[in-house]
Amino acid sequence: MIPAIGASLPRIQTGSVDAGLATTGATAAPQGAGADFSAVLSQIAKDAVTTVQSAEATSIRGINGQATTQAVVEAVMEAERTLQTAVSIRDKAVSAYMELSRMAI
Amino acid sequence: MADPLLSSLKIAASGLQAQSTRMRIVSENIANAQTTGTTPGSDPYQRKMVSFQSELDRVSGAQMVSVDKVGRDDTPFILESDPGNPAANADGYVKMPNVRMLVEMADMREANRSYEANIQVVKQAREIINMTIDLLRS
């Protein structure tokens with residue numbers, strides 16, 4: 001479910017949007033920033049996957065009695081927080097692209 | 001510099017851990033309140049006490065808490081006259097553990113209260129973090 005966040009965003013092709021804007025000649029810096037932003041997004045998605053996986057591992061160790069209740073709760077809460085942040089940032093990015101696509105030309 | 005809110009969560013978690021250890025020691029004391037020695041005149045279970053120390057988390061620079069050591073209570077054992085007991089000495093006295101129920105109950109209640117306080121810190125920090133993330137929505 002989470003890879004979809006990272007996988008879908010690059011497919012929006014920020015490059016073409018930036019390239020179109022670049023013809024105005026004033027968007028050299030935003031082009032670099034756009035590339036960075038998608039890198040940041042995929043990094044966030046990767047981090048979210050890692051956090052959720054470690055939370056799952058800790059939960060399983062908790063069920064087996066190897067991890068304390070506090071450790072399990074902490075790991076799951078961290079996963080929840082990471083996921084929430086990732087989803088919020090994705091929503092924000094998607095709404096920005098929607099805004100662009102509705103722009104009157 | 002690590003996020004202070006995330007540090008609060010970690011510090012509170014270390015507090016929870018420390019108080020659980022304290023709770024464990026209290027339950028050991030209560031469970032062994034009647035544990036005598038096995039040979040005549042031998043020492044019974046000695047009450048345990050837990051002490052905490054602050055510990056610097058090098059990643060975030062936060063002061064966590066951890067269990068320093070589990071020490072032994074050196075107050076004298078209680079002597080009870082029970083000549084039939086296998087642990088009785090030549091005079092018929094048995095050494096009983098130096099565990100006093102009232103003290104253990106007070107200690108348990110204090111551990112409970114500290115645990116609650118740390119839980120409250122976790123709740124508050126989480127609420128603040130969620131409020132901040134919610135700024136992205138709307």
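Lining the second largest pocket are A:T69, A:Q70, A:V73, A:E74 and A:M77 from chain A, together with B:L9, B:A13, B:L16, B:Y115, B:I119, B:V122 and B:K123 from chain B. A pocket here is an open set of points on a 1 Å grid over the protein atoms alone, where a 1.4 Å probe fits, with protein on both sides within 12 Å along at least five of seven lines; lining residues have an atom within 4 Å of a point. The elements giving two or more residues to this lining are α4 of chain A and, from chain B, α1 and α2 (101-134). With five residues, α4(A) gives the most.

This is a predicted model, in which local features need pLDDT of at least 70 and side-chain atom pairs count only at 80 or more, while totals for chains, interfaces and linings use all residues. Residues are numbered from 1 along each chain as its sequence is written, chains are lettered from A and ligands numbered from 1 in the order written, and side-chain values use heavy atoms, without hydrogens and water.

Now let us turn to the largest pocket. Its lining has 13 residues, and A:E78, A:R81, B:L6, B:S7 and B:K10 lie nearest its centre. Here α4 (69-101) of chain A and α1 (4-31) of chain B are the elements that give two or more residues.

Finally, step back to chain A. Four helices and zero strands make up its secondary structure, where helices are DSSP runs of H or I with at least four residues and strands are runs of E with at least two, numbered from the N terminus. Along the sequence, the pattern is α-α-α-α.
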